[in-house]
Amino acid sequence: MALFSQPSQYGLQALLWKSRVFWSASRCHQLFAASFGIPKRDKVSYFSFMTSSSTALPVDPQGTDACPSKKRSEVDYEEEKGWEEDTQEIHEGKLRFSSSGGALKKQLTNHTVSRHKFASVQPPGSPLCAEEWNRLRESFQSPEIFEEVMFNSMIRYNSPIDVAKSLLTHVAKSNGDIGYNLLVKYLALCVQQGKTSEICDVYDILKIRFKILESGAYNLLIKGLSNSDQWRMALTLLEEVKRVTVPSRSNYESCIKAAGRHQEMTLACELYHEMLAKDLVPTLDVLQALFDHSRGMKNSALQKELFGILFYLRENQVYPHKTFMRSIKLWFESIPGENWKGRLTNIKDSGQCPVCNHQLEDSELTEEEYNNLRERIIRDVIHGTDTFRKTSPQEFEAFQRFVENRLPFDIVIDGLNISHIMPRKVQCENLFEAVNCLAKDYARLLVLGRKHMLTNSSNWKREVMKEMQNKADFFFAENISEDDAFLLYATLRSGKHCKFVTRDFLRDHKACLSDSVTRHLFRKWQRGHQIVFSPSAGGKHITFLPACSYDCVVQTTGDTWHIPYKDTFEEKYSYQIPRKWLCLQQKYSTS
């Protein structure tokens, strides 16, 4: 039962008054006894731990407003992390902070040391009686954190629920109070093991005691209930959360998956659209679930929704993983009466699909698109953002004059970025090898460097730098300057033919473009102009992959779909060139 505690120095009567306990205790006693199996004679004597949290809002039977003075919860869950990170935070726990700065610092230090010190503590394999828990606690090196450490271990080792119940029962008998941290950890263990009845008991207690809970309890309750036959209770909780704040992505995704598992696809899609409207970015996991749960359904509205997800992948340059690709393939092939067939394939360098011989969309922009994009990037990204927090107006003006006097370039190289390609090699040797490699295919090279490269050192040898300057133009910016703006300006001013080399994804610059059409053009231009590093066999030499001649996004002609996906290797080395694709064709009957 996730109940809330106050500092132990309060006496029982003072604590009940401070907490404003308005409801009948009998119902709480019943729930407590049912959850923890406590003998009836013991209920009244130690069930007085029904105390208030500093964050949750206690119920007033008169319908008046909740207590106005509330602090931040001592158990703080980051809502966007997902189950694995949620449980990690539960393992680590949080302390109740006093108002004293010195005490806070001491607690933080002690907590950090203790967490690592006792990370390997193993919980008992079966429930213990009070005397056994006492002996275990007394032998523990830091008795004051014994219960916290033990519950962390129970979650880590997925202990039986009865073991956790026996510890909570012991704590309640000993202290007359159970701390909020322990009860949330108990709830986490119940959710981890899918113990629906225990989760519902916790929910019942919380409904009686509080109007509003903090986000950590909601996250656990929604996740636990959505994975059970009581999944509609998770929808009720989602509505409660919406009354006070924006639900987290994990809240929505738990409910979407629950609706999908029970074939409530209209509801699942409504929740998905609501999630997008709140600017919550869906994970590939929930998108895959929508395809999985729609398999075999003949429903034109649902089909339109799933096509919309594919267009979402296109517009946002999202590359699914192979498992997601398989789900998409199986869904297409399961549509009654439509006869879709899918195959995974590698697209040729020319952009032709070897399965259907279809030519994918060209990555080249029209002259009008290119001119519009160039103007928007120079205006909104280079001049319209925080460029001059990363360089000075004088330096950028000098760079513009430098470029205008030497146009056009064939390729622009982020020198400092490329110098770190192979960490075991000297930086100037990395850059020298890259310049030599690129000079074979491009006549006019511009390398963007930093002034510290001109200082003779172990990483930047003067003779190597002089030899490179015979093969390429160099512009040396101040050491504190960031050169993305320089890179974009020089490349765009050189014309449509000019390519650029960097391992950066340039995501921040895409984000500066205000409309989706321009962002799409930027990504398309980037895919067609960014040359990326490719590790050679043995990792001893620098090689580069050519810029993509075709557009690496989801594409359709109506009776064909081409969907790119990435494997782990490609994600490590390249943001833009997924050579692996799913080709889907609709086979028409010849009869």
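**Packing and pairing in a predicted chain**

Q: Among contacts in the chain between residues at least 6 apart in sequence, what percentage join residues at least 24 apart?
A: This is a predicted model, in which local features need pLDDT of at least 70 and side-chain atom pairs count only at pLDDT 80 or more, while totals for chains, interfaces and linings use all residues. Residues are numbered from 1 along each chain as its sequence is written, and side-chain values use heavy atoms, with hydrogens and water left out. A contact means heavy atoms within 4.5 Å, and among contacts in the chain between residues at least 6 apart in sequence, the share that joins residues at least 24 apart is 70%.

Q: How many helices and strands does the chain have?
A: Helices (H or I, at least four residues) and strands (E, at least two) are DSSP runs, numbered from the N terminus. Of the 591 residues of the chain, 51% count as buried, where buried means under 20% relative accessible area, exposed over 50% and partly exposed in between, with a 1.4 Å probe and protein chains only. The secondary structure comes to 27 helices and 12 strands.

Q: Which residue of strand S7 stands opposite Ile413?
A: Ile413 lies in strand S4 (residues 411-414), where Ile411 and Ile413 point one way, Val412 and Asp414 point the other way, and all are buried. Two strands pair if DSSP finds at least two bridges between them; S4 pairs in the parallel sense with strand S5 (residues 445-450) over 4 bridges, and there the bridge partner of Ile413 is Val447. S4 is also joined by 3 bridges to strand S7 (residues 499-501), which runs parallel to it, and in S7 the residue opposite Ile413 is Val501.

Q: Which peptide bond is cis, with omega near -5 degrees?
A: The bond involves a proline, Pro408. Pro408 is found in the loop between helix H20 (393-404) and S4. The cis bond is the one from Leu407 to Pro408.

Q: Within what arc do the buried residues of helix H23 fall, seen down its axis?
A: In H23 (residues 462-469) the buried residues are Val464, Met465 and Met468. They line one face of the helix, since the directions from the helix axis to the C-beta atoms fall within a limited arc. On the other side of H23, Glu463 and Lys466 are exposed. The arc that holds the buried residues is 100 degrees.

Q: At roughly what angle do the axes of H22 and H23 cross?
A: The buried residues of H23 pack against helix H22 (427-439) and strand S6 (473-477), and Cys428, Leu431, Phe432 and Val435 in H22 meet Val464, Glu467 and Met468 in H23. Axes are lines fitted to C-alpha atoms, for helices over the stretch in contact, and angles run from 0 to 180 degrees between N-to-C directions. H22 passes H23 in a left-handed crossing, meaning that the near helix is turned anticlockwise from the far one by less than a right angle, whereas clockwise would be right-handed. The axes come within 10 Å and cross at roughly 20 degrees.

Q: How far apart are the axes of H14 and H16?
A: Helix H14 (residues 265-277) and H16 pack at an angle of about 30 degrees, with their axes 11 Å apart. That makes H14 roughly parallel to H16, since angles under 35 degrees count as roughly parallel, over 145 as roughly antiparallel, 65 to 115 as roughly perpendicular and the rest as oblique. The contact is made by Met265, Cys269, Tyr272, His273 and Leu276 of H14 and Leu302, Glu305, Ile309 and Tyr312 of H16. The distance between the two axes is 11 Å.

Q: Is Gln317 buried or exposed?
A: Gln317 has a positive phi of about 50 degrees although it is not a glycine. The residue is placed in the loop between helix H16 (300-315) and helix H17 (322-334). At 14% relative accessibility, Gln317 counts as buried.

Q: Which strands stand at the edges of the open sheet of 4 strands?
A: The strand order of this sheet is S3-S12-S11-S10, with antiparallel pairing. S3 is joined to strand S12 (residues 580-586) by 7 bridges, and Lys341 stands opposite Gln585 in S12. Two strands have a single partner strand each, so one side of each is left without a neighbour in the sheet. These edge strands are S3 (340-346) and S10 (555-556).
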